[in-house]
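Please keep the structure in view while reading.

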Amino acid sequence: MKDTYFTLLSNKEIAKNTYEWVLEGDVSDITAPGQFVNIKLDGFYLRRPISVADIEGDKLTIVYKVVGEGTEKMASMKAGEELLVLTGLGNGYDLAPSGDMPLLIGGGAGVPPMYLAARRLREAGKSVSVILGFGSSDEVFYKERFEALGCKVLVTTVDGTSGIKGFVTDALGDVDYTYFYTCGPEPMLRAVYNATETSGQFSFEERMGCGFGACMGCTCKTKYGNKRICRDGPVLVKEEIIW
Amino acid sequence: MVNTKVSLCGIELDNPVIPASGTFGFGYEFAELYDINILGSLSFKGTTLEPRFGNPTPRIAETHSGMLNAVGLQNPGVERVIAEELPKLRAVFSKPAMANVSGFSVEEYVRTVERLDTAPGIGWFEINISCPNVHGGGMSFGTDPKSAETVTRAVREVTKKPIIIKLSPNVTDIVSIAKACEAGGADGVSLINTLMGMRIDLKSRKPVIKNKTGGLSGPAIKPVAVRMVYQVFEAVGIPIVGMGGISTAEDVIEFMLAGATAVEVGAHNLVDPFASKKIIEDLPRAMEKYRINSLTEIIGGAH
């Protein structure tokens, strides 16, 4: 865990209400896909926990959806601004059990952490399938980026304006997989839990105080005991989840 | 060379800065970030007789210059604290620690203190009679002078270690509670715990926190805390541990001028994991700026 200054290199809207930041700074403590960073914003007391979409050299990419005052402020920020960022938070995905044909399932703001996972899995020579779920076609992002990695990509939209009409689980029948990784809103995670036959890893979201395990603000119950989403998670394995 | 040493209930501290209970776990996780032996002491996570999961989430809400929490005293219970948490703390912290204890009955406070009394490495007990986030205990002992005195007296009988009673600001007259604790044999009082508050989400039209109410902490509460420390200092003869929104070395000095012998840093540890370290390292500069040679000299200096 490191608390260092990053420089905002770019801030662009890549889909409806969805922004991508590229930041430059010390990313050395980010060791696994599915980890997150906690960003200090002027005028806000608590930091904003946002998942890591990608790291390359000294560049950190995050993608966030505007959902409240903090993310509104983030959307208005310009290249060149400096931000204090706590990095290396959370356990992240364990890619070891992926098998040869891992499946990544991302829904909305849960898509970004799938990108670094996909890249790492492709670098390891895996045959990677990706299901990306959105509400409507104007919310779709990163489809081409996953395809550029050589992943098989299926898009679902609730209103059917892009890809398969329905939810991510409606695309499960079109892929073969040995293991899965998923991130998205809780109802989606629950549906994925019920619709999948293999084991897998789920990344959860919760309101956090600190983001590094001190305040006990984000504790959940699991079959393996109480876990802090920020530190013992955000990734939990299928076998330990209690809904 | 400025002197940052203070004496709290007969135990000397290298400096008056103590991370507050509930914001620093059992210390060892912060020890991965820096040598926590630079701290004056630390008040570890509030411990109860039985294990507690705490409240359902969301437990946290942001506010202007602060935050609400309704964690609800999550802890593994005193037996596991002694068996698992304290050895990990002792491995990274060689100074006396402050044991923060909560309960839902006088007997629970007494039994928890009895169990911890023989555990190594404990310098003081901080008896929390002011948690606003649990029902049927916690704060109910801290909002009535008679109950506060009863708990103090009962705990006094089972330990020779200094006992510091942690007071609630959610009362009409904190001075009367502080005096009752002193009468009951307390060696000190610490104040303030969080102020009860609420935030409502405009989209869901419901309280953000599942428990509905939570305790407000952070810079927003500092003036309330300074005022209460000032008032209690005038009324009691026992040392005060001041807290509420401390985030700078200047804040430490302000609380000590109001009457605090030592201070606790709470919410700021959560927005900056290095907060307590930075405050301690910055203290000499702030002391020189305000021409303070020794922190002991300024305790209650505003009166």
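The lining of the largest cavity has 14 nonpolar, 16 polar and 3 charged residues, where Ala, Val, Leu, Ile, Met, Phe, Trp, Tyr, Cys and Pro count as nonpolar, Asp, Glu, Lys and Arg as charged, and the others, Gly among them, as polar. This is a predicted model, in which local features need pLDDT of at least 70 and side-chain atom pairs count only at pLDDT 80 or more, while totals for chains, interfaces and linings use all residues. Residues are numbered from 1 along each chain as its sequence is written, chains are lettered from A and ligands numbered from 1 in the order in which they are written, and side-chain values use heavy atoms, with hydrogens and water left out.

## Cavities and a pocket

On a 1 Å grid over the protein atoms alone, a cavity is a set of points where a 1.4 Å probe fits but cannot get out, whereas a pocket is an open set with protein on both sides within 12 Å along at least five of seven lines, and lining residues have an atom within 4 Å of a point. Grid points are joined across faces, edges and corners, and a volume is the space filled by probe spheres set on the points.

A search of the whole structure finds 2 cavities of 30 Å³ or more, and the largest cavity holds about 480 Å³ of space. Of the 33 residues that line the largest cavity, Ser21(B), Asn69(B), Lys166(B), Asn193(B) and Thr194(B) are the closest to its centre. Two or more lining residues come from each of β5 (66–69) and β15 (262–265) of chain B; such helices (H or I, at least four residues) and strands (E, at least two) are DSSP runs, numbered from the N terminus.

The lining of the second largest cavity includes Leu86(B), Phe93(B), Pro120(B) and Ile122(B), and α2(B) gives the most to this lining, with 3 residues. The table sets out the three spaces.

| Space | Volume | Lining by class |
|---|---|---|
| Largest cavity | about 480 Å³ | 14 nonpolar, 16 polar, 3 charged |
| Second largest cavity | about 50 Å³ | 6 nonpolar, 1 polar, 2 charged |
| Second largest pocket | about 530 Å³ | 7 nonpolar, 6 polar, 10 charged |

## Where the chains meet

The contact takes 27 residues from chain A and 34 residues from chain B, contact meaning heavy atoms within 4.5 Å. Chain A and chain B bury about 2500 Å² between them, 57% of it on carbon and sulfur atoms, where buried area is the accessible area (1.4 Å probe) that two parts lose on being put together, summed over both. On the side of chain A, Tyr45(A), Arg207(A) and Met216(A) lose the most area to chain B, together 29% of what that side buries.

The two chains are also linked by 4 salt bridges, a salt bridge being a side-chain nitrogen of Lys or Arg within 4 Å of a carboxyl oxygen of Asp or Glu. One of them pairs Glu29(B) with Arg228(A), whose closest N and O atoms are 3.0 Å apart. Over all chains, the whole structure has 33 salt bridges.

## Two domains of chain A

For chain A, the domain assignment gives domain 1 (2–89) and domain 2 (96–203), with bounds that come from an automatic or database domain assignment. Their C-alpha centres lie 22 Å apart, and 17 residues of domain 1 are in contact with 14 residues of domain 2. These domains bury about 1300 Å² between them, 57% of it on carbon and sulfur atoms, and the count between them is 4 salt bridges.

Which residues does Arg119(A) meet in salt bridges? Arg119(A) meets Asp54(A) at 3.0 Å, N to O, and also Glu123(A) at 3.1 Å, N to O. Arg119(A) and Glu123(A) both lie in helix α2 (residues 112–123) of chain A, 4 residues apart, about one turn of the helix.

## Backbone details in loops

Gly233(A) and Pro234(A) are joined by a cis peptide bond with omega about 10 degrees, and Pro234(A) lies in the loop between β14 and β15 (235–237) of chain A. In chain B, the peptide bond from Thr57(B) to Pro58(B) is likewise cis, with omega near 0 degrees, and Pro58(B) is found in the loop between α1 and β4 (60–63). Asn17(A), a residue other than glycine, has a positive phi near 60 degrees and lies in the loop between β1 (2–15) and β2 (18–24) of chain A.
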